[in-house]
Amino acid sequence: MATEREEKVMAAIDPVCAMSVEERDAPERLDYEGTTYYFCSTDCREEFEANPEDYAN
Ligand SMILES: [Zn+2]
């Protein structure tokens, strides 16, 4: 079967390293003040959790 349904994938930006992360593939995510943030790695999520005010806008 053809796989041509990739257009609706939601892209998010890892707020720590600014990498583009597909929401459904993001290895890490975190809800902070009502917003879900997506991260490329556990390291980035931990960095966000350590200093959320530096990254959340
Ligand atoms: Zn990252």
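Modeller: Happy to! A residue is called buried if 20 or more other C-beta atoms lie within 10 Å of its own, exposed if 12 or fewer do, and partly exposed in between, with C-beta atoms placed from the backbone. This is a predicted model, in which local features need pLDDT of at least 70 and side-chain atom pairs count only at pLDDT 80 or more, while totals for chains, interfaces and linings use all residues. Residues are numbered from 1 along each chain as its sequence is written.

Let us start with the whole chain. Along the sequence they come in the pattern β-β-β-β-α-α. Of the 57 residues in the chain, 18% are buried.

Beyond its neighbours within four places in sequence, Phe39 is in contact (C-beta atoms, placed from the backbone, within 7 Å) with Asp14, Val16, Val21, Ala26, Glu28, Arg29, Cys44, Arg45 and Phe48.

Next, the helix side. In H1, the buried residues are Cys44, Arg45 and Phe48. Seen down the axis of H1, these fall within an arc of 100°, so they line one face of the helix (the arc is that of the directions from the helix axis to the C-beta atoms). There is a simple background to this: an α-helix has 3.6 residues a turn, so residues three or four places apart point the same way. On the face of H1 turned away from its buried side sit the exposed residues Thr42, Asp43 and Ala50. The buried residues of H1 pack against strand S3 (28-32), S4 and helix H2 (52-55).

S3 and S4 pair in the antiparallel sense over five bridges (strands pair if DSSP finds at least two bridges between them). Tyr32 stands opposite Thr35 of S4. Arg29 lies in S3, and it touches Thr36, Tyr37, Tyr38 and Phe39, leaving out residues up to four places away in sequence. Arg29 counts as partly exposed because it has 13 C-beta neighbours inside 10 Å. Between the C-alpha atoms of Arg29 and Thr42 there are 9.0 Å, although the two residues are 13 residues apart along the chain.

Finally, look at the turn of the hairpin. Two residues lie between S3 and S4, and there Glu33 takes a positive phi near 50°. Most residues other than glycine have a negative phi. Glu33 is not a glycine, and it counts as exposed because 7 C-beta neighbours lie inside 10 Å. Ala18 also has a positive phi, of about 70°, without being a glycine. Ala18 sits in the loop between strand S1 (11-13) and strand S2 (20-22). With 9 other C-beta atoms within 10 Å, Ala18 is exposed.

Notes
Two residues are in contact if their C-beta atoms, placed from the backbone, lie within 7 Å. Helices (H or I, at least four residues) and strands (E, at least two) are DSSP runs, numbered from the N terminus.
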